[in-house]
Amino acid sequence: MNENSCSFQNEKELRDGEVESVSAPPCDKDSSALLAFRGIPISELKNHGILRALTTEANGWELGAVNTEVLRAQEEWEAVESIQPETGSQARSDQPGQLISFGEALQHFQTVDLSSFKKRIQPTIRRTGLAALRHRLFGPPKLHQGLREERDLVLTIAQCGLDSQDPMHGRVLQTIYKKLTGSKFDCALLGDHWEDLGFQGANPATDLRGAGFLALLHLLYLVMDSKTLLMAQEILRLSRHHIQQFPFCLMSVNITRIAIQALREECLSRECNRRQQVIPVVNSFYAATFLHLAHVWRTQHKTISDSGFVLKDLEMWAKKSPRRLLKTLEIYLAGVSKGQASLLGAQKCSGPQAPPSKDLTFTGVCDLPPPSSKERWLI
């Protein structure tokens, strides 16, 4: 038998995309027959039925004689075929697998038109009567004029909601999920997996009341820095303690609300003026407040029933002593750099880990009674 007998016979492609016949006598030199198909995409091979013909016994062709390149191509096609596209709010971002940095997400808000959201903000709280006089005489200094635009941007972002149709918003969610869970794969933007991270439902957007997209930016800030990521992971483990569990992401949203109030009440103005920055100060204040909450929660054996009282005390203390709070964070991060720090000190967050309970009754900042004074929170 000569080499010409090893070629495929009577191959005719019909208009409907199917091959009329594919046959080949047995031959030890099958690689020459495969050369004719190397330039054809896998999808075309699938449509023409060629892969099926090459990998099954037909007209005396033995399966063992099939070139491994064809088998590998078939496996690749089957893997592609198993991927199901997502649509609507479930769709992943247009850049799947690509993490987004805090700076990139912030730049997005610096370049888009936020005028409609900016109209809603009230940069500082309104004080009248003795409260206004006392604040003027004994309160913190006013924020420098050159920093007020940056402050307004922070408060404007807090007015923006989560838009599942915005690719950037989707990337922020995906990054938070991947960094907290260690997953290398994208997840759906809606689903029960968000409850595993401490949101109250399958849609994270419903838990951003009072903090808007700033709450997600703060989580992104926390997980994208290698040192604060260790802190976030430790707090997440604490939140899953079988007795002291709490909704991690929902607690984070409440910490962001406290940071917003501290900024509006000018509690952070002195530090902002000193650093000549607003956003880094607010970020550090958020992280420091979360750190302090976790320490109190663990060492004082708090449970979910204490959440409202803990947050109320935390807000008062954080507004009163922001510099002390920020110093504690600096010490913690310095220890992390040396591989020595734990937010719980020498006492590690040990004990059984439990899945988040859907029956937790969580009291947040927005659920607390309003202050007795005439001060009212806009956000």
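**Notebook: salt bridges**

I started with a network: E265, E315 and K319 are linked by salt bridges. I noted that this is a predicted model. I also noted the general idea that oppositely charged side chains can pair when their charged atoms come close.

Next I looked up the total. The count comes to 9 salt bridges.

**Entry: E104 and R171**

I looked up this pair and found a salt bridge between the two side chains, at 3.0 Å from N to O.

Then I checked accessibility. R171 is buried, because its relative accessible area is 5% and buried means under 20%. E104 is partly exposed, at 34% relative accessibility.

**Entry: helix α14**

I moved on to helix α14, which covers residues 269–275. Here I found R274 and E271 meeting in a salt bridge, 2.6 Å from N to O. The two residues are 3 apart in this helix, about one turn.

E271 also meets R275 in a salt bridge, at 2.9 Å from N to O. How many residues apart are E271 and R275 in helix α14? They are 4 residues apart, which means about one helical turn separates them.

Buried or exposed: what is E271? I found 9% relative accessibility, so E271 counts as buried. R274 counts as exposed, at 53%. R275 is partly exposed, with a relative accessible area of 25%.

Technical notes: Residues numbered from 1 in each chain as written. Predicted model: local features only at pLDDT ≥ 70, side-chain atom pairs only at ≥ 80, totals over all residues. Heavy atoms only, no water. Salt bridge = Lys/Arg side-chain N within 4 Å of Asp/Glu carboxyl O. Buried < 20%, exposed > 50% of the residue type's maximum accessible area, 1.4 Å probe, protein only.
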